[in-house]
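Student: I have a new structure to read. Can you walk me through its features, one at a time?

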Amino acid sequence: MLSQPISVTFDIGGGRMVTIETGKLARQAHGAVTVRQDNCILMATVVANKEPKEGQEFFPLSVDYMEKFASAGRIPGSFFKREGRLSDYEILNSRLIDRALRPLFPEDYFCEVQVIITLISSDKEVMPDALACLAASAALAVSDIPIKEIISEVRVARIDGKFQVNPIRSELAKADMDFIIAATDKNLMMVEGESKECLEEDLVKTLEIAHDAIRIQIKAQQELRAKAGVTTKRDYTKPVVNEEVQQKVYSFAKDRVYQISKSASSKHDRTNAFDKLKEEIIASFGEGLTDETKKLAKKYYEDLKWEVVRNMMLDDRIRLDGRQLDQVRPLTMEVDILPSPHGAALFTRGETQSLTTVTLGTPLDELLVESAAVSDYSKFILHYNFPPFSTGEIKFLRGPGRREVGHGNLAMRSLKQMMPGNDYPYTVRVVSDVLESNGSSSMATVCAGSLALMDAGVPMPKHVSGVAMGLITRPADNKNAILTDILGDEDHLGDMDFKVTGTREGITGVQMDIKIDGLSMETMRAALEQARRGRLEILDAMYEAMPAARAEVKAHAPRMEKLFIDKEFIGAVIGPQGKIIQEIQRETGATINIEEVGKFGEVSIFSPAKEGLERAVSWIKGITAMPEVGSVYEATVKGIKEFGAFVEFLPGKQGLLHISEISWKRLDTMEGVLKEGDVVKVKLIGVDQKTGKFKLSRKVLMQKPEGVPAPRPRNEAPTQD
C-alpha cells in the first residue's frame, strides 16, 4: 500500500493540464486513480479475482461508468432523491470503455474483473467521457492485474474547419465531426462518433490526430506506473490444454467444417449441420468420454470453425452464404405498411429485418436527458428493440440491455444529422423492432428509420443508409479480406468489424472495433471505400422505394402550425391562471405550447383535425393582432347601453358601436336592435388618441339609401347655404 500519493501531470494541448494521481483514494482496490482536468475529477477503481470460477469458459469483465449528481452540486430529481440505475448516457460511456479495455487482457485470462469509473467532481466545460477511459486504463496500469498493453481514449472534433482534441463543451456544440477514439501506443482499438456528411479521408485524418494525442497519455501512465513501483503482474491459473483432444477434433472435423461452411447457404441449414457435426465429434470419443473431455472438444470445435471459415474467405474468396466479398445481400423495402402509425417501413436485408415506426408528438413529449453537468431536452428519440424470437431463441423479456441502448444510439446519431432543425415543432419518436436478425440489425434500423421518417412526412433532405463491414487478415502471407454486409456468424470471425452510415455525400456515423496489431492506414482507407460503395448500393434501393419525404404528414397525424408573437402578448394568450389558453384547447381540441424565445413567444399548435387547428390559429392570431383602422371584423355583442353596443371584434379587444353607427336609419333607442351574443360585421373607423378607445361602424358596410346625404369627413365643418 502506498504511503503517499503519486501523480503525473501532462498537457493535452493548448496549455490544458491533466493530472493522474494514485495512492490517496480507494486504496483497498487492486488499482485506483483519479484523473483531473480543471474542476472535473474522475475516480477509477479496478478489482480482479485471484482465481477463475470453476468451469469458467469466458472472460467476465464488467465496466460501469457513473456520474454522481453531487459532483455538480445537484440533488437527483427522482422520487427517492438518489442515483438509480445507470442512465443511457452512462451505459453508452460504459460500453465505450469496455470495448477498449477488453482486448487488453490475455486470451486465457478468465478471472472476473470489475472496473468502476465515477465522476466525483464536475466541470461545466470539461467533457468527462473523454477522460473516463484514461482513468480506467491508469487504474489497471498501477495494479498487478495482467494486461498486455496500456491504452487511452480521446475525443477529436472538427470545429470551424479545425480539428481539436478534447474540446470543451461549448466548443463541441459547433462541431461538424465528433469522434471518440481509443488506441494503444501502436494500434487503434475503437472508434465511435458522428459527423455531418464527412468524407472518408476526413475520418482517416481524425484517427491520425487522435493517435498522436493518445501516445502522450500512454506515456504519462507509464511514468505513473514506474513511480508507483509496479514492475510485475500477478500469475493466474490458465485453462487446461489437451493437445490430444484438439488433434482428434481437428482430424475428425476439419474437412467437414469446410464443406458445411462452403455449401450451406442459409443460417438455419448451417446451424443444423454444425450442431449435427458437434454431436458426431462427441460420439467419436466413445465410452472414454469424460465431462472435461466433452467440454474441451466443444471448445476446440469452435476454434476449428473460426480457423476454417477465416481461411476459406482468405484463400477461396468465398463467404458462408456464397456471396462475393463486396456483395450486399438481397434487399426488400416497403413503406406505409401500417395504417395507424404516423410513418412505417419494413426493411429486409437477407435474413435481417426491421419493422420501424415513427410517431409525431408535441413539445410536451420531449425527452429529458440528464447528466451531472447538463440537463437538456431532446426532440428526436430512437428506441431499438431486439426480441428473442428474432434469432429463434427463448429468453425472458426484460428492459433494454446495454446492447440495445448502444445499437439504438448509433442509429439515432446517424439519422439525427438529416433531421430538421430546432424550429421543427414536432417531437419525433422512432421505434425499431427487429423481427429477424442475422447480421447488423442496427444498420437495418438506420435504413428502415430513414424510410419511415420520410413516410411520416418529416422533411429529411436525404436518405441515410448503413452497412456493417468486416476485415479478416493473415499476416503470415500478408492476405486480407474485406467483407461487406457481414452475417451474424461472420461478426466474431473478423479482426476488425465496423459499421458506417451516411448519405450519398458523406458519413454520418461510425462504430468500429479493431482487434489486430499493425492495421495500416492504407487498409483502413480500402475498407472505408468498400463500405462507401456498399452504402451507396443500399441508398439506390431506398430512393427507389421512397424517393423523397411526403409533402405533408398523413391525415391521421397531428396537424401543426407555429406562430411567433411579441413577448408582451404571451400573458394575453395564456390568460389569468391559464383561463384563455385552456378555453382555446377545450373549444378547438388543439394542444398549445408556448415558450419564450428571445424577444418573441414561440407558439406551437397541434391538433388531430385540420378544422381544430385553423380555429386555434385564428383565435390566437386574433388575441395577438394589432387592430388596423379601415379593417373589417366579425364582432360579438357583449353589452347593450342606451347610446350603443359594446362589441368584441378581436379576442380581448372591445370597442363601442355607437347608436349612430349601427344603421343609416336614425335610431332613438337600442331596444330590439341588437342583443348580447349577436354577431355583426363592423369596420374600425378610428382610435381615440387620448384614451385608446376603438370606434366602430356597422352602417358604413351597408348600402346607403337614396336621398341620405353622404357623411361628412371627420372634423370637417358643415357647409353654409
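Student: How many residues does helix 4 have, and how far does helix 4 reach from its first C-alpha to its last?

Tutor: Keep in mind that this is a predicted model. Helix 4 covers residues 200-228 and has 29 residues. From first C-alpha to last, helix 4 reaches 42 Å. That is close to the 42 Å expected at 1.5 Å a residue.

Student: Now pairs of helices. At roughly what angle do the axes of helix 9 and helix 11 cross?

Tutor: Look at the axes. Those of helix 9 (residues 441-455) and helix 11 (residues 521-545) cross at roughly 25°. They come within 11 Å. Angles under 35 degrees count as roughly parallel, so helix 9 and helix 11 are roughly parallel to each other. Their crossing is right-handed.

Student: How do helix 5 and helix 7 cross?

Tutor: Helix 5 spans residues 243-263, and helix 7 spans residues 291-316. Their axes come within 8 Å and cross at roughly 45°. Helix 5 and helix 7 are therefore oblique to each other. This crossing is right-handed.

Student: Which classes of residue make up the contact of helix 5 with helix 7?

Tutor: The contact has 14 nonpolar residues, 3 polar and 6 charged.

Student: Next, empty space. What shows where it is left?

Tutor: Rolling a probe the size of a water molecule over the atoms shows it. Here the count comes to 2 cavities of 30 Å³ or more.

Student: What volume does the largest cavity have, and which residues line it?

Tutor: Its volume is about 50 Å³. The lining of the largest cavity includes Arg16, Gln37, Glu125, Val126 and Met127. Ala130, Leu131, Asn166, Pro167 and Ile168 line it too. By class, that lining has 6 nonpolar, 2 polar and 2 charged residues.

Student: How much space lies in the second largest cavity, and which residues line it?

Tutor: About 30 Å³ lies there. Glu21, Thr22, Gly23, Lys24 and Leu25 are among the residues lining the second largest cavity.

Student: Which elements give two or more residues to the lining of the second largest cavity?

Tutor: Strand 2 (17-22) and strand 3 (31-37) do. Strand 3 gives the largest share, 3 residues. By class, the lining of the second largest cavity has 3 nonpolar, 3 polar and 2 charged residues.

How values were computed: Residues are numbered from 1 along each chain as its sequence is written. This is a predicted model: local features need pLDDT of at least 70, side-chain atom pairs count only at pLDDT 80 or more; totals for chains, interfaces and linings use all residues. Side-chain values use heavy atoms; hydrogens and water are left out. On a 1 Å grid over the protein atoms alone, a cavity is a set of points where a 1.4 Å probe fits but cannot get out, and a pocket is an open set with protein on both sides within 12 Å along at least five of seven lines; lining residues have an atom within 4 Å of a point. Grid points are joined across faces, edges and corners, and a volume is the space filled by probe spheres set on the points. Ala, Val, Leu, Ile, Met, Phe, Trp, Tyr, Cys and Pro count as nonpolar, Asp, Glu, Lys and Arg as charged, and the others, Gly among them, as polar. Helices (H or I, at least four residues) and strands (E, at least two) are DSSP runs, numbered from the N terminus. The expected span of a helix is 1.5 Å times one less than its number of residues. Axes are lines fitted to C-alpha atoms, for helices over the stretch in contact, and angles run from 0 to 180 degrees between N-to-C directions. Angles under 35 degrees count as roughly parallel, over 145 as roughly antiparallel, 65 to 115 as roughly perpendicular and the rest as oblique. A crossing is left-handed if the near helix is turned anticlockwise from the far one by less than a right angle, and right-handed if clockwise.
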